[in-house]
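Me: Could you take a close look at the aromatic rings in this model and at what surrounds them? I'd like the cut-offs spelled out as you go.

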Amino acid sequence: AMYDLKGSTYNRTAKLGDKVRKDEDWVREGRRLRLSSNDALKLKAAHAADVKFLQGLHVMDFSVLIGIAKLDEGQTATPGAWLSEDGLECYFVGMVDFLVEYGIFKRLEHFMHELSGKGQTASVTEPCRYADRQKEFLTKQVFAPLCE
């Protein structure tokens, strides 16, 4: 399975036939990265550093792309992948779509979302808010354990 996560909950579901799922699909399916505490801290720190860098460039609309592969018994994870704590899945994680500058057109799009009452949940928002929202989503929905 593959997910494109922006941290937005407005109109972020995959359409019929799409191979890449989105934020609302992730939440609805109850997905989590089942990493060790140490690996989760490393991945969170890497994401925070990437987001801070992108924020400084005044860009937004970037996504965290997560690929999830199930492992057969005895199979090892591909180098560069994150291994689940139970060894049954491996995760491929990266930042994509990071060249969208928050210029006049994106400001206008955000303004229109604000007028319609969707400004805080829509994908397009100013870079600081965008980065904070994505970090919050990852903390609560990607790294947090599922409640039993």
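Reply: Happy to! Let's start with tyrosine 3, which counts as buried because its relative accessibility is 0%; buried here means under 20% relative accessible area, exposed over 50% and partly exposed in between, with a 1.4 Å probe and protein chains only. Before going further, please note that this is a predicted model, where local features need pLDDT of at least 70, side-chain atom pairs count only at pLDDT 80 or more, and totals for chains, interfaces and linings use all residues. Residues are numbered from 1 along each chain as its sequence is written, and side-chain values use heavy atoms, with hydrogens and water left out.

The structure holds two aromatic pairs. Helices (H or I, at least four residues) and strands (E, at least two) are DSSP runs numbered from the N terminus. Tryptophan 26 is buried too, with a relative accessible area of 0%.

The other pair joins phenylalanine 62 and tyrosine 130; their ring centres are 4.9 Å apart and their planes at 75 degrees, so the pair is edge-to-face. Here too, distant parts of the chain are linked: phenylalanine 62 lies in the loop between strand S3 (59–60) and strand S4 (63–70), tyrosine 130 in helix H4 (residues 127–143), 68 residues apart. Both phenylalanine 62 and tyrosine 130 are buried.

Tryptophan 26 also leads us to the largest nonpolar core: of its 23 residues, Trp26, Leu33, Ile66, Val142 and Phe143 touch the most other members. A nonpolar core is a set of buried Ala, Val, Leu, Ile, Met, Phe, Trp, Tyr and Cys residues joined through side-chain atoms within 4.5 Å. H4 gives the most to this core, with six residues. Leaving aside neighbours within four places in sequence, valine 142 is in contact (heavy atoms within 4.5 Å) with Leu5, Trp26, Arg32, Leu33, Ile66 and Phe137.

How values were computed. Phe/Tyr/Trp six-rings, centres within 6.5 Å; stacked < 30°, edge-to-face > 60°.
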